[in-house]
Amino acid sequence: MAFELADIRFFQDHAVEIRQVSEQLEGTRAKALVEAQLLRERFGEHGRAVGELADARRRAVRTGKFPATWLSDIDAAQQATPAPVACARAQHLARLGVDFVHDVTCSVGTEAPALRAAGIGYLGSDLDKTRVAMARNNVPELPFVVADALAPVSARGVVVADPARRAGGQRITKPEQLLPALPDLLAAYPGREMAVKCAPGLDYSEWAGPMVVASVDGAVKEACLYTPGLAERPAADGQPVRAAWLLRGDAASGAATGQDGAGDETISSADFSPDELPAAGEVGRYIVDPDGAVVRAGLVKHYAARHGLRQLDEKIAYLTGETIPPGRSGFPFIEQVSLKRLSSCLKVLDAGSLEILVRGVNIDPDQLRKKLKLRGSRPLAVVVTRLGRGAVALVCEPRQWN
């Protein structure tokens with residue numbers, strides 16, 4: 001549901017009571033009707049709004065986006081930038097010497113704390129007046145105004161935008177389909193540097209500036225398109241810079257301090273020249289499935305070069321080598337077999353449970369697991385992939401972390 005300004009005022013006037021009641025809610029489907037009735041009895045006409053607020057807070061806290069005390073609706077919580085990503089972006093802009101940012105689709109203010117902590121001046125604006133009211137509540141020390149993203153109310157600084165990523169219930173896959181559209185945003189701020197947050201699956205192949213895909217604890221969160229002036233350095237191959245930020249969830253605390261989270265890693269196309277990238281080779285001691293941000297950014301070979309790995313196949317994103325990258329996981333390799341021999345191999349190895357990874361082959365892991373009918377006692381893993389022209393199964397020990 002869409003909040004009204006009256007709902008926001010009610011939330012503020014009854015903040016303590018709402019927090020106390022919300023802490024008692026389970027937020028499960030089984031309890032939905034009972035808890036909805038409880039909220040109506042306790043908060044009257046605002047009961048439904050309080051229920052959505054509680055749901056939005058649960059989602060945001062679970063995904064590391066903002067504190068449980070913030071005001072937000074569900075849609076804003078779903079699209080909000082996770083704190084580790086906001087922190088990494090603020091630090092990136094600070095390194096470039098950026099001193100002011102206009103967040104033209106500020107929503108409930110999730111970018112603001114990290115930018116403030118990085119020492120960057122901030123203005124937030126949004127066309128939705130209730131979102132602006134929530135942002136003012138969440139970050140009262142910074143300015144927020146009601147304004148259309150395509151009608152500039154600032155004259156300088158980097159423009160940060162987070163256009164809507166869905167239309168008609170479908171994910172948007174092209175920059176020109178964003179709401180507002182990327183060409184319209186660029187036209188509205190001529191000569192200004194921009195950072196435009198997008199869904200990770202966006203087709204960014206025609207974008208001439210840097211592009212960064214960010215993940216948190218292995219889960220891909222967003223892609224961000226930067227105008228050419230926001231490149232830290234050019235790529236070694238002369239092409240637009242592509243980068244992957246592999247972030248840790250503990251960077252959420254960094255949003256309040258301006259510090260990067262421990263264990264963060266950046267992979268960039270500027271790190272290696274084309275002749276430094278490894279060729280595919282034979283299966284080594286371990287098989288490594290690189291972070292999704294590395295894959296989405298097209299940096300599998302760059303990641304391999306960083307960590308002394310190589311691809312199993314030039315067209316497949318699985319890596320292999322003698323070590324597992326620090327802070328990451330991999331699978332100790334046992335044996336390569338054909339798919340026809342997989343069942344008998346697992347039987348000989350006494351497999352009782354199986355983690356299955358599939359890439360480049362049209363196989364459903366759950367269906368394959370049922371078909372194998374494992375009856376042993378040993379936990380194992382299998383990587384089903386295409387090597388050359390044929391599909392193979394790489395049988396491994398269980399996942400290990402370095």
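The largest pocket in this predicted model holds about 1,000 Å³ of space. A pocket here is an open set of points on a 1 Å grid over the protein atoms alone, where a 1.4 Å probe fits, with protein on both sides within 12 Å along at least five of seven lines; lining residues have an atom within 4 Å of a point. The volume is the space filled by probe spheres set on the points, which are joined across faces, edges and corners. As for the ground rules, local features need pLDDT of at least 70 and side-chain atom pairs pLDDT 80 or more, while totals for chains, interfaces and linings use all residues. Numbering runs from 1 along each chain as its sequence is written, and side-chain values use heavy atoms, with hydrogens and water left out.

Some 41 residues line the largest pocket, and Asp-75, Gln-79, Pro-163, Ala-164 and Arg-165 sit nearest its centre. Helix 5 (74-79) and strand 9 (219-226) are the elements giving two or more residues to this lining, with helix 5 giving the most, four residues. Helices (H or I, at least four residues) and strands (E, at least two) are DSSP runs numbered from the N terminus. By class, the lining splits into 16 nonpolar, nine polar and 16 charged residues; Ala, Val, Leu, Ile, Met, Phe, Trp, Tyr, Cys and Pro count as nonpolar, Asp, Glu, Lys and Arg as charged, and the others, Gly among them, as polar.

The second largest pocket comes in at about 390 Å³. Its lining has 18 residues, and those nearest the centre are Ala-32, Ala-36, Leu-39, Gly-51 and Glu-52. Helix 3 (32-43) and helix 4 (47-62) each give two or more residues to it. Seven of the lining residues are nonpolar, four polar and seven charged.

Strand 9 turns up again as a partner of strand 7: the two pair in the antiparallel sense over four bridges (pairing takes at least two DSSP bridges), with Cys-198 opposite Ala-223. Strand 4 (residues 158-161) runs parallel to strand 7, joined by three bridges, and Ala-161 stands opposite Val-196. Five of the five residues of strand 7 (residues 194-198) are buried, so the strand is largely enclosed by the rest of the structure; buried means under 20% relative accessible area with a 1.4 Å probe, protein chains only. Met-194, Val-196 and Cys-198 point one way, Ala-195 and Lys-197 the other.

Ser-107, in the loop between strand 1 (100-103) and helix 7 (112-117), is also buried, at 16% relative accessible area. Leaving aside residues up to four places away in sequence, Ser-107 touches Ala-76, Asp-126, Arg-131, Val-132 and Ala-135 (contact means heavy atoms within 4.5 Å).

Notes: Buried means under 20% relative accessible area, exposed over 50%, partly exposed in between (1.4 Å probe, protein chains only).
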